[in-house]
Amino acid sequence: MSNEADNLSVEQQRVDHVIKEISKKEEKLYSRATGLKENVIELRKKFWEDVTINLDEPDDVIETEASIKQQAELLSERESVHGKVGEELKTFEKLKNSPYFGRIDFVEDTAKENDQLYIGIKSLMDYEEENFLIYDWRAPISSLYYDYSPGKAIYETIEGKITGEITLKRQFIIREGLIKGMFDTGVTIGDHLLQQALGHNASTTMKSIVATIQKEQNKIIRNERSDLLVVQGVAGSGKTSAALQRIAYLMYRYREELHADNVVLFSPNPLFTSYISNVLPELGETNIRQETFLDYLEKSVGDNLSVESPFKQMEYVLTENGSDTYAIRMKGMHYKSSLDFKDMIDEFSTQLINDGIQFRNITFRKNILISKEQISDYFYSLEKEIATPNKMELVLKWILKEIRTIQKEEKNKDWVMDQVELLDKEAYLKAQYELQRQDEKTGFDDASVEEEYLRSQVVKKYFSSIKKRVKRFEFVHVLATYRRFFTDWNPQTTPEYWKEICDQTASDLSRKYLTWEDATPYLYFKGTLLGDDRADRSVRHLIIDEAQDYSAFQFAYIQHLFPYTRMTLLGDVNQAIYTYATEENPLIPETFLGNHERITLSKSYRSTKQIVEFTKYFAPGEEVIEPFNREGSKPRIRRNNKEDLAAELIDSIQSIREKGLQTIAIICKTLQESETIYNLLQDEVTIDLINEETYSYQQGLLVLPIYLAKGIEFDAVIIPDASKQAYFMESDRTLFYTACTRAMHELVMVSGKEPCTFIEEAPKDTYEMN
Ligand SMILES: Nc1ncnc2c1ncn2[C@@H]1O[C@H](COP(=O)(O)OP(=O)(O)OP(=O)(O)O)[C@@H](O)[C@H]1O
């Protein structure tokens, strides 16, 4: 037998041994799980039998409550243990299929013993719980695997640095318990495995990359020192992948203190949220809070305002050029994205200390209980030095006190008696029961007491909704105050066309419509009046993907909302598709971030070498872009004449499918164009149109606008109109680049007679034209 075959046989024996150990442990755990399950079922069935219920005396009621609570706690504790055991069993199943993916042999300088370490998605001890059979990829020692090739190596532990030598580095592909591939690697984590990982077809959900994490990516994943980590990575360089493995790493590293709801990920669109939703569960971790920034803002806006999505804004920018209001809105968009506008809001807020905040009347049955003037007078009578949100708290307390007084007076009015007469039998019975209980103590017992009681119940019910609204600060008319900013106030310095911008904004606000460019400023302003949502103090880590799409103002607002949160920003300046609104974004070096650490990723893994070699010529930024060495065919330009676009597209789709590629995205500049293409093709082929409400997609043929394809990848991309008429402005460059870089294996661009200038920037030998 050759040496290689020998090695393979020894390694397979070890895999078999590990699987046997897992099976033994699984069996033991399984019987524990069965016991627990029965226990939980029994507890649920007998829940009420084991609770002592006695409501006769107040003391008995308290005792009953305690007894229910105790029983519920016991049940929930058992359920949670049962859940954990279930999770562990699932992990065992995964490990039986593929126990590990790597091995390193390491000789510590002090020990001189050759340790063989096998690395997989979870740690595993043998049945006797004495030796590690598998090390978790996140364990400190596992960093050796990602950071070093054979030779001298160091890793860090809590106790300090450990030095030694790696004598072997081996990678495995194990499926269903069988070694399908085994490679001893030199410099980086072998091309073999990476080639395999990248050569497959696109999937509708992202996969974890733990077996092939690259050294640069590992720096992002394991970074613990920075409060603000900024990653600029070219398209397809693994930013999202690194972000997700980083979350899994942090959850492992800080497992005692960091829970899934302490970590928030802002993603670019709902499709992306579902695209990445499997990675953490695949790694055995619970999913964290994932939302779009739009979702986040919408939750806090209130006032029945409708918020424009960034996608609608982009659609407006791309399709409404030429309308009367367009130029003004573009100017407004630009200004409202800047920190100058934030300063302007601060200036306005400072002035509101003296006057100008708008309040709402507190009304009840069409009568004003407390007028807005009274509220305003009370507010402005408070010490000027007290911060506005604190003054609002004081106003709130004052209003509630006033309402309590009014409530008492209201009780004796006629309308209350009318309502009492309309009460149902149940309310009367309840009243009698209550009064009987009180009677035992007070000795009261007559009809007037009952009436009194019922009156107070009716008034209480009617006033409770007012109180709730007061507690939500609805007495402050934030919208009207913000509107005054544009109608009644003259800032010291203003941008060009400020008057027109103001008119346009005021008219939108009158319609209760918040454009995307106004959404963040509005919430920031609301925070200056009412204070910000305290719940966000629980967020310990915030990860922002596609960070280049955030304006200076939006990012400053995020920092203001999460002052104690560690942040990781990941993005690519080349894909900054909102540059029409904001040229400043958090990824541009030294913009406005303050203290931060920056990591750059320049290798692109998603697309074939041919696609990267083509797209890099028209990439907007200066970043170095290196392709990973995976071969494919050159991008193709098809110069059709417009009349037979459908035939042209179907022909392209067929030739792509003949290569065995399944997920083909027709990526358009706008939703409008996507709908046209969809209508053109829907009778000929099965095709899905993706819009901003689409939350997931199936493999197959899709049509979608560029802004919804962000962060996602497809086997093949077809750009149905890559002509000079479609992409001609400088601001189209990032759009075109983003669309092209979604392709893993094939890129086809259909152009008219004149392909767009960006294509012309690439040397002719980087593409084929027919
Ligand atoms: N180390 C790796 N091992 C295996 N696959 C990888 C690795 N790094 C990246 N990839 C793959 O490359 C593709 C692109 O990765 P990812 O989407 O994370 O890149 P990105 O930088 O976020 O891209 P973009 O900014 O263009 O959306 C994915 O298919 C991912 O699985």
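This section describes an open sheet, the helices lying across it, the surroundings of the ligand and the contacts of one glutamate.

The structure is a predicted model, in which local features require pLDDT of at least 70 and side-chain atom pairs count only at pLDDT 80 or more, whereas totals for chains, interfaces and linings use all residues. Residues are numbered from 1 along each chain as its sequence is written, and side-chain values use heavy atoms, with hydrogens and water left out.

An open sheet is formed by 6 strands in the order S10-S9-S15-S16-S8-S17, with parallel pairing. Strands (E, at least two residues) and helices (H or I, at least four residues) are DSSP runs numbered from the N terminus, and two strands pair if DSSP finds at least two bridges between them. Strand S10 (289–292) and strand S17 (597–601) are the edge strands, each pairing on one side only. On average, neighbouring strands of this sheet are turned by 15° against each other, direction ignored; axes are lines fitted to C-alpha atoms, for helices over the stretch in contact, and angles run from 0 to 180 degrees between N-to-C directions. Strand S15 (residues 541–544) pairs with strand S16 (residues 566–571) in the parallel sense over 4 bridges; Thr568 in S16 is the bridge partner of Ile543.

Two helices lie across strands of this sheet. Helix H6 (residues 239–253) lies across strand S8 (228–233), strand S9 (263–267), S15, S16 and S17, and runs at about 160° to S16. Helix H9 (residues 293–301) lies across S9 and S10, at about 85° to S10.

Around the ligand are 23 residues, of which Thr212, Lys239, Ser241, Glu713 and Arg742 come nearest; a residue is included if one of its heavy atoms lies within 4 Å. An N or O atom in the side chain of Lys239 is 2.7 Å from an oxygen atom of the ligand. Taken alone, the ligand exposes 630 Å², of which the protein buries 96% (Shrake-Rupley method, 1.4 Å probe). Helix H4 (191–199) and H6 are the elements that give two or more residues to the shell, and H6 gives the most, with 3 residues. The shell divides into 8 nonpolar, 10 polar and 5 charged residues.

Glu108 is found in strand S1 (residues 102–108). Not counting residues up to four places away in sequence, Glu108 touches Glu113, Tyr155, Ile162, Thr163 and Gly164 (heavy atoms within 4.5 Å). The C-alpha atoms of Glu108 and Lys152, 44 residues apart along the chain, are separated by 9.9 Å.

Technical notes
A polar contact is a pair of N or O atoms within 3.5 Å; within protein, one must be able to donate a hydrogen and the other to accept it, and residues adjacent in sequence count only if both atoms are side-chain atoms. Ala, Val, Leu, Ile, Met, Phe, Trp, Tyr, Cys and Pro count as nonpolar, Asp, Glu, Lys and Arg as charged, and the others, Gly among them, as polar.
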